[in-house]
Amino acid sequence: MKLLLTGASGFIGKEVTRLCAKSKLHVFALTRNYIEGCEHKVIPQLKDAKAEDMKGYDAIIHLAGIAHTKGVTANDYYNYNTELTIHLARMAAKANVKRFVFISTIGVNGKSTKGAPFCSSDSAEPHNDYAKSKLEAELGLKTVSLETGLEVVIIRPTLVYGASAPGNFGLLKKLVSALPILPFGLINNKRSFIFIKNLADLILLCTHHSKAAGETFLASDGRSVSIKHFTNELAKGLNKTSFQLPIPISLMLLIGKITRKSEMVGQLVDDLEVDSSNIAKLLNWKPPYSLNQAMLYINRDIHD
């Protein structure tokens, strides 16, 4: 297979590139900068991509996008995450690319779950401008697919973790590394996560599996755990000793409100569980790495 990848320099893109090299897949990065580990299709800006830039490729993996960044407006999210995605898909269709794999976000489903896990057939309830822009991109891709026959696969990952993960996992890793006492002793919530190597494996499978076309997958490691269990496993993987202090959740929520970190605290204490069973059913896919194995890899990658 010959693959074209956007966002190759990002956290997920780098892992997809590494797995392609390991699997001896021919991957090109649609980029304006040099990226180690893959060949390049140089273009000044993704918005300037033309159909001829995509000729000869079997599938496109679209990872590029604007995430949660200070100063980014709803219009910025729409221009980059929505309009650019649809433009690339239309150019891919013109170039007779067979498949377009789009990495969306679990935020399309909503902020948290109450009782039942999210599943791919649920109505969308995006909770911020970022998630809204991803949903609009998904809808646009489905329209392009209907009009042109381009096969579209949508993947909505839960929180992605790994040694160099940005965002909340990066903060958790710093917290566990620095402090032997953690405040999650009373938190027995249910949250779904996905290890970066598991996600990369699923993405590559979705570039060619016949039953992936037209599907939406909620990507996870296949089991839900509490933030207490997750940080305990992280501490073990990092060879750190940890003790979980029984801090009342109400107090944590109050602290979050006072410090204007309510959303961050909510992501620690709320449930966010997904049903990924359609991935196993349709693609016969199981995550290659367990939570325990993933944490050991993280420790190894940090020290390599």
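1. Helix 4 passes helix 6 in a right-handed crossing; a crossing is right-handed if the near helix is turned clockwise from the far one by less than a right angle, and left-handed if anticlockwise. Phe169, Leu172, Lys173 and Val176 supply the contact from helix 4, and Ile227, Phe230, Thr231, Leu234 and Ala235 supply it from helix 6. Contact here means heavy atoms within 4.5 Å.

2. A word on the ground rules before going on. This is a predicted model, in which local features need pLDDT of at least 70 and side-chain atom pairs count only at pLDDT 80 or more, while totals for chains, interfaces and linings use all residues. Residues are numbered from 1 along each chain as its sequence is written, and side-chain values use heavy atoms, leaving out hydrogens and water. Helices (H or I, at least four residues) and strands (E, at least two) are DSSP runs numbered from the N terminus. Axes are lines fitted to C-alpha atoms, for helices over the stretch in contact, with angles running from 0 to 180 degrees between N-to-C directions.

3. Staying with helix 6, its buried residues are Ile227, Phe230, Thr231, Glu233, Leu234, Ala235 and Gly237. Buried means under 20% relative accessible area, exposed over 50%, and partly exposed in between (1.4 Å probe, protein chains only). Asn232 also sits in helix 6, but is partly exposed because its relative accessible area is 23%. Leaving aside residues up to four places away in sequence, Asn232 touches Ser242 and Gln244. Its side chain makes a polar contact with that of Ser242 at 3.5 Å and another with that of Gln244 at 3.1 Å. A polar contact is a pair of N or O atoms within 3.5 Å; within protein, one must be able to donate a hydrogen and the other to accept it, and residues adjacent in sequence count only if both atoms are side-chain atoms. Just after helix 6, Asn239 has a positive phi of about 60 degrees.

4. The pair formed by helix 7 and helix 8 is worth a look too. The axes of helix 7 (residues 249-258) and helix 8 (residues 262-269) come within 7 Å and cross at roughly 155 degrees. That makes helix 7 roughly antiparallel to helix 8. The crossing of helix 7 past helix 8 is right-handed. Ile249, Met252, Leu253, Gly256 and Lys257 of helix 7 meet Ser262, Val265 and Val269 of helix 8.

5. Helix 1 passes a simple length check: at 1.5 Å a residue, its twelve residues (11-22) should span 16 Å, and its end C-alpha atoms, 17 Å apart, agree with that. The expected span is 1.5 Å times one less than the number of residues. Phe11, Ile12, Gly13, Glu15, Val16, Thr17, Leu19 and Cys20 are buried in this helix. Those buried residues pack against strand 1 (2-6), strand 2 (26-31), strand 4 (59-62), strand 7 (159-161) and helix 5 (196-206).

6. Most residues other than glycine have a negative phi. Lys24, in the loop between helix 1 and strand 2, has a positive phi near 60 degrees and counts as exposed at 75% relative accessibility. Asn96, not a glycine either, has a positive phi of about 65 degrees. Asn96 belongs to the loop between helix 2 (74-94) and strand 5, and is exposed with a relative accessible area of 67%.

7. Is Asn109 buried or exposed? Asn109 is buried, with a relative accessible area of 2%, and lies in the loop between strand 5 (99-103) and helix 3 (129-148). Its side chain makes a polar contact of 2.8 Å with the side chain of Arg156. Not counting residues up to four places away in sequence, Asn109 touches Phe118, Cys119, Asp122, Ser123, Glu125, Arg156 and Leu218.

8. Finally, Leu282 falls in helix 9 (residues 277-283) and counts as partly exposed at 25% relative accessibility. With residues up to four places away in sequence not counted, Leu282 touches His209, Lys211, Glu215 and Phe217. Leu282 and Arg260 are 22 residues apart along the chain, and their C-alpha atoms are separated by 42 Å.

Key. Parallel < 35°, antiparallel > 145°, perpendicular 65-115°, else oblique.
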